Every structure is written in structure tokens, then in C-alpha cells.
Amino acid sequence: MIVLTGNDLKSGAVTWWTGTHWSIHIEDAVDVGENAATIMAREESSRRVNVPYAVEATLTAGVARPNHIKDRIRALGPTVRPDLTLKPADPDLGNWVI
Amino acid sequence: MTDIGTSPDGVQLRFRNDEPVDHASVTVDAFLEQSNANAVRVEPGDDARALLPHLGQIQLVEVNFPAFGDGRGYSSARILREAGYEGEIRAVGDVLVDQLPYMKRCGFDAFEPDAALNSDDVENALNRWPEVYQAATDNGTPIWNKRHAAAS
Amino acid sequence: MYKYDQYDQAMVDARVAEFRDQAKRRLEGKLSEDQFKPLRLMNGLYLQLHAYMLRVAVPYGTLNSTQMHALADIADKYDRGYGHFTTRQNIQYNWIKLEDAGDILADLAKVEMHAIQTSGNCIRNISSDHFAGAAQDELIDPRPYAELLRQWSSFHPEFMYLPRKFKIAVIASDTDRAAMKLHDIGIQIVKNTSGELGASFFVGGGMGRTPMIAPNIREFVPLDQLVTYSEACLRVYNRYGRRDNKYKARIKILVHELGAEEYTRQVEEEFALLLEQGIEPPFAELERIKPFFADPAFEDSAKTVDRSDPDFALWVDRNTNRHKHDSYVSAVISLKPVGGIPGDATAEQMHLMADLAKDYSFDELRVMHTQNIVLPHVKITDLHALWTKLDEAGLGTPNLDQIGDIIACPGLDYCSLANARSIPLAQKIAQRFDETGKGDTLGELKLKISGCINACGHHHAGHIGILGVDKKGVENYQLSLGGSEAEDTALGKITGRGFDEAGVVEAVETVTDVYLQNKQGEERFLDTYNRIGMAPFKEALYD
């Protein structure tokens, strides 16, 4: 699947395209199929996202899991500071990212 | 001879009182091959010093910025001013308001950006810097000269 | 240390206003991201893997307690309670919001700090010797010259859009503590045979994709021509540096492709022309700056410590550096606790370091390019009290220049440019050598890790260097040996095939075993490597 990620212009937070808006939770990310370029152009020009790009992902337990480790780290946070990730209490975090 | 210059009507900002040159400029190569032109266009890869023997006849130098991130034009302008050129140096192309104060310091006195600049933004940019640290081509006294002015 | 006058203050204040306006126009859509990017980079603001990252300048690595307290406050108020000290003596915050950036710059300006030109294709923070003004072996304090060049390079109108970034280092000793020859311009202040001070210019060094050691293009530039000569070097680069290929755009490529002789010829030609323009600052300016760096009021007192506490004695032996005044030392605060994140400090730790500087070091701190903090002037009689407080706060690890004193870039955990994570590797290596006790048997061993070819971890200059690469989507690590960032500047050599994370930890241990087996006398790892060569290491690793 192809999901879209970018940064919120004002806050810099990493966001994922949900089909209707940008969410900080990768669980909300949808498969955009062939529409990546169109969606990104529209969303970027209206400043609802900054510097978006398309990410290849694999649906895993109902959630898009990016194929590349960089994007998985991007989705949740630094592996060396689990307390700063989006899921500080999740013991399986490491397995999902790494 | 290739006429590739721009019309004075398109010049959004001009900080000179003399009459602008009213015809097209030629490339540096073309200029060097003949002796009648008085307006020349310098591309980023051109050597501005090639014009030095001919400064007396040049009234307009257009310095092209195909991309604002290519800073070679700044050196070209300064080199011309350092050599004593007093004609117009016009920045053309991808010229944005945020580069204005720095370009002016390098000797540009006219600006013809591809996209028109907002006049409030221009005003802000030109009034931004109360001082300058280092010497450039403008008449701004560097801070280190001001500090020791009484002594010198 | 240097204090702003009304002119310096006016400039940083104007810069804050300029950036606020630019950020506002970006948020309103008047500036596109492509147009805004170089502007925000020139204020140290990156868009990074997790958020905006702000790199604050620490000019020539020197700051006082007020400034360190302010850096701690910024970490708490705008970030997540910590900062990261970098390999260019700066500090970085990883969780910044664009909408706060103007306020942060304003807070910094209040304490005479800024983020000016800490990124972008312009002249960056000028680095220097972290023991400047304290070291026994320096000719003179190099920092007044760094300060002069800071002013010269700030908002320099001709050099805002260079082909690529430009890094300058200034030292004044034969011992190179700033990796001087691995900079775009490295300057060593020297004395000529007539006893006059001048600047020896090394141009065209750098790490990154194509590491190079800077050639000495001019042995002696009189100090009253320092700025003019620098300007000539930059102008030749601005005009002729490559702009066709981002990876070939540094000045080292220009110097390499022209040859040092031709590059020098062009610089000398430009220099002769520029001399006629009279751009040099009045010599009185250097005379004005120098007193800011005058010696503090040193007092004679005891010259030795009580070594009865072995932990304290070890820390003194490892983490203090001889001082030009024999009642003092420079003390190194390690930001490399075993298993910690190299170079990171919490806001609480920053507040403590600030207080300790005020109490024990004439209110001055230095940031090392090796990501530790220095208290430059500590009275020997104060060392025990200082160490006790550092130790309590987790800042007393006695590992300066030991294998546990790892230099690591933020890597894939933080950086969108990275190919591999560097921090977990640093942690595992430090832990391995601590658990086995082997770390204490190795002596000076400078290990550096970069998460990608951009080499922000300076791995080329590591006695042991590790480079993270992406091998078909999986993290992999290349090992190199024999690099040095000191005056015996050398670039490390790759051992062979790369390793996975567990493999490279083993490989590092193997390599240290080879050293211990072959070491003669008091040889350091680097000395043994230089004597026996790569072959025994390669054999142990791969056969």
C-alpha cells in the first residue's frame, strides 16, 4: 500500500493522510493507491501539510507498517527515547519499529 | 548578436535617477565581439571581469539569477563596483524580497524580479538592518569602523 | 568572554525581526517552502524526521552560565526537556515548532545568543580549541580572531548563497584540538621568524562523502590582512565552486580539481585586488576584542589533589587537562554516561553545569566538538567538590578520549538523512566495554559513529570509525581504522565488508583485542595501528 506522510507546517509534527485530513497517528493512514501526487499537490498548496511524500507500507494487523525503518521511526519516535514516542507505554514498540 | 534583455517597464525597483537604457542587452560573449552595445547581461557562469576593459561604454549590466540560490551574481556585481563601474546593475530573474538588502549591499541598484514583489515587504526589507558588520560595496560604515571612528 | 555592545545587540534583534516576518509570510503562504527553506536554514531551523530542529550557535564553543541557563530554559519551555551538543560546538533541539521559533530566537537574543547561519549554504559557526585561553601549549588565545571572523561572516551579503556550507576553525597551537585541517578553512595563528603573529591558512579540508585534508595554501597572512585574505578565499569559492552537483559543491572539491597551487594562485590574485578596496577592519578592533578574553584573576594555591579516593583520582587523571597556571586545570564534563545518548543533556543538567561554571570556573563553559562540556579554569583545590557534584548528577564519567567517549551523530533515530541508527550502537559498544572492564585497559581510543555518509559523526577521523549504511533496507555498518582529527590528521581506512549491529559491536571488540595483543610499551591504539598496519586487524575480523 502507499500512504502519505508530511509535517504540519506550524508545529512540525509528523502527520499521515487519513483520506480526509492529516493525523499524527499512523493507525489512521489510508492507502492512496495511485492518487499520491494529486493529493499531495492539493494538500501542500493549501498548506494543510508541508513537504509530503509517499511511503510504501504493508498492512500489518490492520495498520499500515512502513516498509523502511526510517519511516517507522518517523511514525512513532526515536527508538532510544521510548518516553518521547507516541506510545511510551507500549512494550511492543521496539518490535514494530525495528 | 542576440538581444535577450528586458524592457525598463518591467523593472519594479530602481534606485537611480538617470534615464534607464531603453534597449535590449546582449550576452557577454556577444558584447566582447563588438563595440557598440552599452547594455550587457551577465549569467552566473560569466566572468564579470571580462567587462572591465569596457566599463566606460556600459550603462547597464543585467545580472541574471535563474535560481535565487545561485549566489554567483553577488560576486559579479561587487566586482564591477570595485572596478569603478557606476552604471546600473540590475538583478533580474528569480529575485525575492528577502535577498534585496544583501543585493543592494553588493552594488545592485535596480531589480526586475520574475514575480512582482509586495511593496510592504520591500519596505520592510530595505529598512531591516540598522547596521552592517563588514565592508561591502554600499556606503554603509561597518560596525568595526564606527566603533573606532573617534580614534581614527 | 565576548560581550555584545549596542551594535551586536542591534544586529541579533534585527535578525529576530527578519525571521519573524519570514515565518509569518511562510505561514500565510506568501513564501513557498522552497523559498522559505534557505531562509529558515540560515536561522538554524531544519525540518527533520520528527519535527523542526533548531541549531543554536555557540560561537567558538564558548558560553557563560547565564547563557547555559537560557539554553536549559528553552529546552523546558519549547522542547522536551533536553538538548544535544554537536560536533561543531553548537546545541540542537529536536522538537521545535515553527510558530515558536521567533520567540525562541528572541529569548536567545536576550542573552546574546542566536542561531544565525548555523545551517544553509553560507559561512557557519566558527569553531575553536575547547581549551583556548587555558591550554599550556597555545601560542595565544585563538578566540579573538574567531570573534573577528564571526563578525565578518555574519550577514555577509556576498556569501549568503554559496555553492554549499562553509566551515571555519581557528586554533593557535601545534596541537590540533579542533580538527582544523578537516575544515573548509582552517586557520592556525603562528609566529614568523621575526616574532610577528600571523595566520596560516589551510583551505579545502572536509569530511562527508569525499573526505580530504586541507592543504596549507598560505603559511603566513599578517593579522592585519586576516579578513581580506578570508574574503579572497570565499570569493574564489563563490565564483567557481561547483553548483551542478550537490555532492561536489564543497570547496574541497574545487581545491582538489584545480589543484592547491592553482586555487592559491586565484586567491592571491583576488587578494591583491581586494587589498585595494580597504575592507580590512581597523586593527583597533582586534585590540578591542582581546581584553574580553583576558585571563581571569587566577590565584596561587595547591597544585596537587588528594588521591585517596580512587574514583576521584581516576576522574582527575582522565578528565582534566593541564592548565597554563599550575594551580588550575581544565575539567571535562562527560556527556557520555555508559548507555546514555552521547552529547545529550537534560535541562536540569544544563542548569547544574551553569551553576558549577559560576562557582568553579569563572563563569565560563566550553562545548567540545567531541560533544562534552569543559570548565576551562578550575582551581585544583576545588576539583573534589566539583567532581562530587558532577558524579551525583551523572556527569562524572571518567572517560575522556577513552573508548566510552563515543562521538555519535543523532543518526536514524532523529535525522532524515541517516541510513542507520548510531545512538543504540554507541550505547551497546559503551556497555560492552564497561561490562567486561576492557574499556579501562585500552587508554586513548577515539571511536566515532556516523549514521550516513554525510559524516556528521566525523567517523573518517576516528581511530575506530563506524559508518551506517542502508543495505537493501537493512541497517549495516562499515568499520574503518586509523583516522585522526589531531595534528597528525588522517582519514580512516575501511576494513572490508560491513556488519550488522551485533556484528559491528563484536568487530570493535576484536579490533581492540588485536591492539592489546600487539601493543608495545605505552602505544595508543592509533600508534599500534600505524605501526602494524591494517593486515592483522583484517585477518582477525574476516578470517
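## Chain C: burial and fold

Of the 543 residues of chain C, 65% count as buried (under 20% relative accessible area with a 1.4 Å probe, protein chains only; over 50% is exposed, and in between is partly exposed). Please keep in mind that this is a predicted model, where local features need pLDDT of at least 70, side-chain atom pairs count only at pLDDT 80 or more, and totals for chains, interfaces and linings use all residues. Residues are numbered from 1 along each chain as its sequence is written, chains are lettered from A in the order in which they are written, and side-chain values use heavy atoms, with hydrogens and water left out.

Chain C holds 16 helices and 20 strands, taken as DSSP runs (H or I, at least four residues, for helices; E, at least two, for strands; numbered from the N terminus). Its radius of gyration is 23 Å, close to the 24 Å that the globule rule gives for 543 residues, so chain C is as compact as a globular protein of that length. Here the radius is taken over C-alpha atoms, and the rule is 2.2 Å times the number of residues to the power 0.38. Along the principal axes, the C-alpha trace of chain C spans about 60 × 60 × 55 Å.

## Chain A: the β-β-β-α-β-β-α-α chain

Chain A has three helices and five strands, which follow one another as β-β-β-α-β-β-α-α along the sequence. The radius of gyration of chain A is 13 Å, close to the 13 Å from the globule rule for 98 residues, so this chain is as compact as a globular protein of that length. Its C-alpha trace spans about 40 × 30 × 20 Å along the principal axes, and 47% of the 98 residues count as buried.

## How the chains meet

Two pairs of chains are in contact (heavy atoms within 4.5 Å), and chains B and C share the most contacts. Chain C brings 49 residues to that contact and chain B brings 38. About 3900 Å² is buried between chain C and chain B, with carbon and sulfur atoms giving 57% of it; this is the accessible area (1.4 Å probe) that the two parts lose on being put together, summed over both. Pro157(C), Tyr161(C) and Arg239(C) supply 19% of the area that chain C buries against chain B, more than any other three residues.

What about chain A and chain B? No contact joins them, and their closest C-alpha atoms lie 18 Å apart.
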